[in-house]
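My notes follow in the order I made them.

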Amino acid sequence: MRTRDTDKEDLVRQKAIEMIVKEGLDGFSMQKLAKAASISPATLYIYYKDREDLLLKLCLTVVDEMIEVSLAGFDPELPFAEGMAIQWKNRLDYFMRYPMEMQFMEQVRYSPLFEKVHEVITAKFGKVLGPFVHKAIVNKELREVPFEVYWSVAFAPLYQLIKFHNQGGHKNKHFKLTEEVMQLALEMVLKALKP
């Protein structure tokens with residue numbers, strides 16, 4: 001029986017992410033991945049049942065890393081403003097450290113695969129952030145609104161600023177997301193979310 005090689009698995013994951021970011025999900029195949037990773041196609045099937053299994057496991061690995069970084073040092077018992085500041089800082093750290101993974105998840109977001117991935121994200125984040133949000137509403141630190149409204153106000157501005165940082169702003173092609181800019185945006189978000 002052939003044994004697993006974790007270095008090879010890491011290489012396969014990295015090459016798969018690079019290929020999907022560059023060529024999209026439609027252009028991705030096990031044959032192409034094996035060639036890019038300089039391994040035989042048969043070796044890939046030691047690690048994954050098929051293409052779908054590989055993509056799902058790849059997504060879940062990226063999601064686990066993202067959640068681990070996003071929740072570092074976070075406690076649901078924190079005051080709302082303090083908890084949000086940690087959330088923003090951690091999410092920014094993740095997306096700055098792993099830009100390729102961020103682009104990969106954007107590719108996945110518009111595929112049928114995302115439904116399964118979204119369930120995992122919702123369950124894992126919800127387990128920690130659900131009590132945080134509920135406590136903030138009870139303590140009158142947060143206005144009670146539908147979840148989609150809350151999330152759009154709480155996090156979409158940060159993700160848009162990260163996009164501007166990576167791709168250039170509408171008016172300033174050389175826009176950089178600095179600590180000061182992030183604090184300004186977070187202050188506006190916190191004001192908007194207050195009851």
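I began with Ser 70. Leaving out residues up to four places away in sequence, I find that Ser 70 touches Gln 87, Asn 90, Arg 91 and Phe 125. Contact here means heavy atoms within 4.5 Å. Ser 70 sits in helix H4, residues 51–70. Helices (H or I, at least four residues) and strands (E, at least two) are DSSP runs, numbered from the N terminus. Ser 70 counts as buried because its relative accessible area is 2%. The cut-offs are under 20% relative accessible area for buried, over 50% for exposed and partly exposed in between, with a 1.4 Å probe and protein chains only.

I noted the conditions before going on. This is a predicted model, in which local features need pLDDT of at least 70, side-chain atom pairs count only at pLDDT 80 or more, and totals for chains, interfaces and linings use all residues. Residues are numbered from 1 along each chain as its sequence is written, and side-chain values use heavy atoms, with hydrogens and water left out.

Next, the whole chain. I count 10 helices and zero strands. The C-alpha atoms fill a box of roughly 60 × 40 × 30 Å along the principal axes. Of the 195 residues, 41% count as buried. Among contacts with a separation of 6 or more, 70% come from residues 24 or more positions apart. The accessible surface is about 11700 Å², and carbon and sulfur atoms hold 56% of that surface. The areas come from the Shrake-Rupley method with a 1.4 Å probe; for residues, only the protein chains shown count as cover.

Then helix H10. It runs over residues 179–193, 15 residues in total, and reaches 21 Å from first C-alpha to last, close to the 21 Å expected at 1.5 Å a residue. The expected span is 1.5 Å times one less than the number of residues. Which residues of H10 are buried? I list Met 182, Ala 185, Leu 186, Val 189, Leu 190 and Leu 193. Seen down the axis of H10, the buried residues fall within an arc of 140°, so they line one face of the helix. The arc is that of the directions from the helix axis to the C-beta atoms. An α-helix has 3.6 residues a turn, so residues three or four places apart point the same way. On the other side of H10, Glu 180, Leu 184, Met 188 and Lys 191 are exposed. The cover over the buried residues of H10 includes helices H5 (80–97), H8 (147–154) and H9 (156–167).

I turned to the rings. The structure holds 11 aromatic pairs. Rings of Phe, Tyr and Trp (its six-membered ring) pair if their centres lie within 6.5 Å; planes under 30 degrees apart are stacked, over 60 edge-to-face, the rest tilted. Phe 164 and Phe 175 have ring centres 6.2 Å apart and planes at 75°, so the pair is edge-to-face. Phe 164 is in helix H9, and Phe 175 is in the loop between H9 and H10, 11 residues apart. Phe 175 is buried, at 18% relative accessibility. I also found one aromatic cluster formed by Tyr 94, Phe 95, Tyr 98, Phe 147, Tyr 150, Trp 151, Phe 155 and Tyr 159.

Last, Arg 97 in helix H5. Buried or exposed? Arg 97 is exposed, at 53% relative accessible area. Its side chain makes a polar contact with the side chain of Tyr 98 at 3.4 Å. A polar contact is a pair of N or O atoms within 3.5 Å; within protein, one must be able to donate a hydrogen and the other to accept it, and residues adjacent in sequence count only if both atoms are side-chain atoms.
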